Amino acid sequence: MAYELMVLDVDGTLVNTNKEITERTKRALMECQENGIKIAIASGRSTEGIRHQARAIGLDRYGGYVLSYNGGHITNFATGEVVYDIPLPEGMLRELYDYSKKHGTGFLTYHNGSIVAGWEDDPYIVMDAEACDIPIYVPKDFHRELNFPVNKCILTAEPSRLAELEPVAAADYEGRLSVYRSEGFYLEMMPLGIDKAYGISKLIQRLGFNRGQVVCCGDGFNDISMIEYAGLGVAMENAKEEVKKRADYIAPSCDEDGLIDVIDRFIKDW
């Protein structure tokens, strides 16, 4: 069966360790789209935080899709149409802010093109803001100002601290939220059942594809669901070992234009 949709993580997959998309990778992805292959980006980032990468590979020209917030929000990047959106339950934003304070972690969410943060000097929040090219806003009164819908929250801390907190938070929010790490220092607090695989399932319903026609490429913990869901699940050579164990194929690293190898081996038939 021919593959019709290629879904790409951003950090460590589409971009290299310098946070750049090489010209070779750009050309290969453009050629795919020119030959009818749909391309989507699936990332834990906000929609605004993916905009530069989406434009660089032509999603605005070819009608590609952006699955932001780990699949909780899907946008047709050419038209701006929101295809799917699911926010956290009402009241959960304030609750998670209090939870972060209780456990001594950093806290962030996204609103109006900005990161909304517990405090602006958190190095992990600064890292996200710089990678996504979006500003940081720190409310003066969180409980009064946090009255808007959001797709997710993130707790930040040293990886060893979050490794301890992850099972605790998962138990505390069992039946209410999905809890998992995207990076060692980011603990994602998502609407229940929402992950990249779920977002892709919503997208292929719209496109009329089945999962066997999907190739998913990633490197992080939050890519495992889509790698296992896809007809062809690809882990980059630079991926976490747990991610590699779940993949059908290991591609060269993001610093070796690994996506070109995937295209040449499995997608290109023109």
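This is a predicted model: local features need pLDDT of at least 70, side-chain atom pairs count only at pLDDT 80 or more; totals for chains, interfaces and linings use all residues.

Visitor: How do I start with a sheet, and what is the strand order in the open sheet of eight strands?

Guide: The general idea is this. Strands of a sheet pair through backbone hydrogen bonds, either parallel or antiparallel. Here the eight strands run in the order E5-E4-E3-E2-E1-E12-E13-E14, and the pairing is mixed. E5 and strand E14 (249-251) stand at the edges with a single partner strand each, so one side of each has no neighbour in the sheet. From one strand to the next, the twist averages 20°.

Visitor: Are the faces of strand E4 covered or open?

Guide: Both faces of E4 (residues 73-76) are covered. His-73 and Thr-75 are buried on one side, Ile-74 and Asn-76 on the other.

Visitor: Which helix packs on this sheet, and which strands does it touch?

Guide: Helix H11 (residues 258-267) packs on it. H11 touches strand E1 (5-8), strand E12 (214-218), strand E13 (232-236) and E14. The direction of H11 makes about 135° with that of E14.

Visitor: What is the order in the open sheet of six strands?

Guide: The order is E8-E7-E6-E9-E11-E10, again with mixed pairing. Strand E8 (136-137) and E10 are the edge strands, each pairing on one side only. Inside the sheet, strand E6 (residues 106-111) and strand E9 (residues 153-156) are antiparallel over three bridges. Leu-108 finds its partner in Ile-154 of E9. H4 lies across E6, E9, E10 and E11, at about 155° to E6.

Visitor: Now the loop glycine. Where does Gly-91 lie?

Guide: Gly-91 is in the loop between strand E5 (82-85) and helix H4 (92-103). Its relative accessible area is 37%, so Gly-91 counts as partly exposed. Gly-91 and Thr-75 are 16 residues apart in sequence, and their C-alpha atoms are 25 Å apart.

Visitor: Next, the cysteines. How many disulfides are there?

Guide: A disulfide is a covalent bond between the sulfur atoms of two cysteines. The cut-off is 2.5 Å between the sulfurs. By that rule the count is zero. For Cys-32, the nearest cysteine sulfur is that of Cys-217, 10 Å away. For Cys-132, the nearest is that of Cys-153, at 15 Å.

Visitor: Are Cys-32 and Cys-132 buried or exposed?

Guide: Cys-32 is buried, with a relative accessible area of 0%. Cys-132 is buried too, at 1%.

Visitor: Last, the voids. How many cavities of 30 Å³ or more does a search of the whole structure find?

Guide: Rolling a probe the size of a water molecule over the atoms shows where empty space is left. In this model the search finds one such cavity. The largest cavity holds about 40 Å³ of space. Its lining includes Thr-13, Glu-20, Cys-254 and Asp-257.

Visitor: And the largest pocket: what is its volume, and which residues lie nearest its centre?

Guide: The volume is about 360 Å³. The lining has 22 residues, of which Asp-11, Arg-45, Asp-128, Glu-183 and Tyr-186 lie nearest the centre of the pocket. Helix H5 (123-132), strand E10 (177-183) and strand E11 (186-191) each supply at least two lining residues. H5 gives the most, with three.

Key: Residues are numbered from 1 along each chain as its sequence is written. Side-chain values use heavy atoms; hydrogens and water are left out. Helices (H or I, at least four residues) and strands (E, at least two) are DSSP runs, numbered from the N terminus. Buried means under 20% relative accessible area, exposed over 50%, partly exposed in between (1.4 Å probe, protein chains only). Two strands pair if DSSP finds at least two bridges between them. Axes are lines fitted to C-alpha atoms, for helices over the stretch in contact, and angles run from 0 to 180 degrees between N-to-C directions. Contact means heavy atoms within 4.5 Å. On a 1 Å grid over the protein atoms alone, a cavity is a set of points where a 1.4 Å probe fits but cannot get out, and a pocket is an open set with protein on both sides within 12 Å along at least five of seven lines; lining residues have an atom within 4 Å of a point. Grid points are joined across faces, edges and corners, and a volume is the space filled by probe spheres set on the points.
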